[in-house]
Amino acid sequence: MESKKRIFSGIQPSGDITIGNYIGALRNWIELQDGYDCIYCVVDMHAITVKQDASVLRKRSLDTLALLLACGVDPDRSILYIQSHVPEHAMLNWVLCCKTYIGELQRMTQFKDKSARHEDNINAGLLTYPVLMAADILLYRADLVPVGIDQKQHLELARDLCVRFNNAYGDTFVLPEPYIPKTGARIRSLQEPEKKMSKSDSNPNAYINILDEPDAIMRKIKRAVTDCESVIAYEPETRAGVANLLEIYSVMKNLPMEACVKRFENLGYGELKQAVAEAVIEVLSPIRQRYNELVADRKALLRIAEDGAEKARAIARKTMGKVYHKVGFDSK
């Protein structure tokens, strides 16, 4: 019997998760559990490249794990854990750092962007965290990695390091391939639809958090920017605001775009916004309810995190044993 391909993906515990994250990533995580060997990680080690309050980071890491569970990640079908609970990530990171060239890291566009945003804290971790990302992936010999446009460079580095290490020491790592979902919308800001929806947006009306209350969702969508036209049509290039609302509705109702456009034929923007808000509330309300139940029992959450870390370490230890032996360390 052919074994399932393995998928690895991680999410930072850096704050609220928007419906953009849910539609672009988390929904796919849930669906992938049916056909793949999935490993999902809350990457708290990546989070400390910017200044963190320790108690807040601990809470957010566990809260993010609870949110993944609430969205549908099943710890009986997937491995779900917190990155810092598996020290092999840091161990492999150091080995790979010694195989990575400074020029490769300095060319990373995200390093340039984050350096500009955090001029008071341009630390070495900010430069080298793509190597830690490569270690995350290669540690589990992942076949596939779901990536967005902003992470493409980092996967390319992981692939380069995989080939470089295997050429030097023999077959050790699996060459990871990008996983491109068959469907998936790029959800945009409700206030500036030419931009991607972002949880770091200074305008809270620009994004919807997964845990927003129904009245907040309704209010934000009713304030969404559209245009001065009166006909509802899907024209992303020229009418991005309306197209964004249609995309959200399409995903939440699991309908093709043609059916969505037909649904709102001869209706106005008020009816469109009302229907979109109701569709979002219908999907997110059970998630919010389940999340609240999960975070109320922190001990149970910690047990889930510990169980996931134990499963992850069973795989990670095997990989690190091979790596340490090949580079000349005592691998006992």
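Which residues do ring pairs link into a cluster? In this predicted model, the cluster consists of Phe-8, Tyr-81 and Tyr-140, joined through ring pairs.

**Strand 3 and its partner**

Strand 3 spans residues 78–82, and five of its five residues are buried, so the strand is largely enclosed by the rest of the structure. Tyr-81 and Ile-79 point one way from strand 3, while Ser-78, Leu-80 and Ile-82 point the other way. Strand 2, residues 37–42, pairs with strand 3 in the parallel sense over five bridges. Within this arrangement, Val-42 stands opposite Ile-82.

**Ser-61 in helix 3**

Both Val-42 and Ile-82 are touched by Ser-61, as are Pro-13 and Asp-44, when residues up to four places away in sequence are not counted. Ser-61 belongs to helix 3, which covers residues 54–71. Its relative accessible area is 4%; because this is under 20%, Ser-61 counts as buried. A polar atom of the Ser-61 side chain lies 2.9 Å from the backbone oxygen of Leu-57.

**The nonpolar cores**

The largest nonpolar core has 63 residues, of which Leu-26, Ile-210 and Val-280 touch the most other members. Helix 12, residues 269–295, supplies the largest share of this core, with 13 residues. Apart from neighbours within four places in sequence, Val-280 is in contact with Ile-19, Ile-217, Ile-221, Ile-248 and Met-252. A second, separate core contains 38 residues, among them Ala-134, Tyr-140, Ala-142 and Phe-173. Tyr-140 is also a member of the ring cluster described at the outset.

**Aromatic pairs**

The count of aromatic pairs comes to eight. Two of them are set out in the table.

| Ring pair | Distance between centres | Angle between planes | Kind |
|---|---|---|---|
| Tyr-36 and Tyr-179 | 6.0 Å | 75 degrees | edge-to-face |
| Tyr-324 and Phe-329 | 4.8 Å | 90 degrees | edge-to-face |

Tyr-36 lies in the loop between helix 1 and strand 2, and Tyr-179 lies in strand 5, so their pair ties together parts that are 143 residues apart in sequence. Tyr-36 has a relative accessibility of 24% and counts as partly exposed, whereas Tyr-179, at 16%, counts as buried. In the other tabulated pair, Phe-329 is partly exposed, with a relative accessible area of 40%.

Methods. Residues are numbered from 1 along each chain as its sequence is written. This is a predicted model: local features need pLDDT of at least 70, side-chain atom pairs count only at pLDDT 80 or more; totals for chains, interfaces and linings use all residues. Side-chain values use heavy atoms; hydrogens and water are left out. Helices (H or I, at least four residues) and strands (E, at least two) are DSSP runs, numbered from the N terminus. Buried means under 20% relative accessible area, exposed over 50%, partly exposed in between (1.4 Å probe, protein chains only). A polar contact is a pair of N or O atoms within 3.5 Å; within protein, one must be able to donate a hydrogen and the other to accept it, and residues adjacent in sequence count only if both atoms are side-chain atoms. Contact means heavy atoms within 4.5 Å. Two strands pair if DSSP finds at least two bridges between them. A nonpolar core is a set of buried Ala, Val, Leu, Ile, Met, Phe, Trp, Tyr and Cys residues joined through side-chain atoms within 4.5 Å. Rings of Phe, Tyr and Trp (its six-membered ring) pair if their centres lie within 6.5 Å; planes under 30 degrees apart count as stacked, over 60 as edge-to-face and the rest as tilted.
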